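The sequence and the structure are shown first.

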Amino acid sequence: MCFFNRCFVICAKVKPLFLLNATTRFQSTFAMRETVIRTTNAAAVQKAVHFLRQGKVIALPTDTVYGLACSAVNKKAVRQLYVIKERDELKPVAICVATIQDLKHWGEADHLQEELLHELLPGAVTIVVRKSSRLNNHELVPGESKIGIRITNSEFIQDVCAAFGSPVALTSANKSSSQSTLNVREFKNLWHQLGAVFDGGQLGQSEKQRAASTVIDLSVPGKYTIIRAGVAVEKTISVVQKYNIYPD
């Protein structure tokens, strides 16, 4: 075979570098499109539940900031959540549920009046109570007897929790000590570690929104402790004091 024929064969078999790079970029872009799912998609809730049941960590909008979520009863998934978040393994993660009945199932809240809970929830509040014996995932609340529970005022995540049927571990969609996020582009650096990103658009227009939920400890009858002020602290204190619950 002559020199020119050999060169032609080699060139035909070896893709130019610029074509390989273009292919890689296309595949990466396609993968990102597959990863990001609009919450308005008719199948979004079912897809989220599918990923949760597979033990994947997903991102989704809440009523405050974007969150990272996984099955709270799947130890491997919770460990992965901590890895992605780069969270101190001794720092507990809250759970999210769909209803007041779910809250009472997974946490000990019989001492709290039903009317009080309905005034606070759904809303931008995380209620800390003693965890139920049913919640025995030590990866979720290492060394803790209490658990933070959310019922968000977000139709999408409520639908996901209801369809999933088990508690969902929930934390903000950012690395620990980094700013919380109000749109999916702000945590694009985490996308490759997630099963899917559910895009609900921009969450609010104010930086105050980044303060996330108010965290209140109501584990002691008649007493409360504000653990994190968050976005709803004034309303939360007003409500609990109406039911004769005062600072510890």
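This is a predicted model: local features need pLDDT of at least 70, side-chain atom pairs count only at pLDDT 80 or more; totals for chains, interfaces and linings use all residues.

Helix α7 itself spans residues 155–164.

## The two sides of helix α7

The buried residues of α7 are F156, I157, V160, C161 and F164. Viewed down the axis of α7, these buried residues fall within an arc of 130 degrees, so they line one face of the helix. E155 and A162 are exposed and lie on the other side of α7. Buried here means under 20% relative accessible area, and exposed means over 50%.

## What the buried face packs against

The contacts of the buried α7 residues include one helix, α3 (44–53). Strands are also packed against these residues: β2 (58–61), β3 (66–71), β4, β8 (168–172) and β9 (196–199).

## Strand β7 and its partners

Strand β4, residues 94–96, is also a pairing partner of β7. The two strands pair in the parallel sense, over 2 bridges, and C96 stands opposite R150 in β7.

Strand β6, residues 125–131, runs antiparallel to β7 and is joined to it by 5 bridges. In β7, G148 has V128 opposite.

## Burial of strand β7

How many residues of strand β7 (residues 146–150) are buried? The count is 4 of the 5, so β7 is largely enclosed by the rest of the structure.

Conventions:
Residues are numbered from 1 along each chain as its sequence is written. Side-chain values use heavy atoms; hydrogens and water are left out. Buried means under 20% relative accessible area, exposed over 50%, partly exposed in between (1.4 Å probe, protein chains only). Two strands pair if DSSP finds at least two bridges between them. The arc is that of the directions from the helix axis to the C-beta atoms. Contact means heavy atoms within 4.5 Å.
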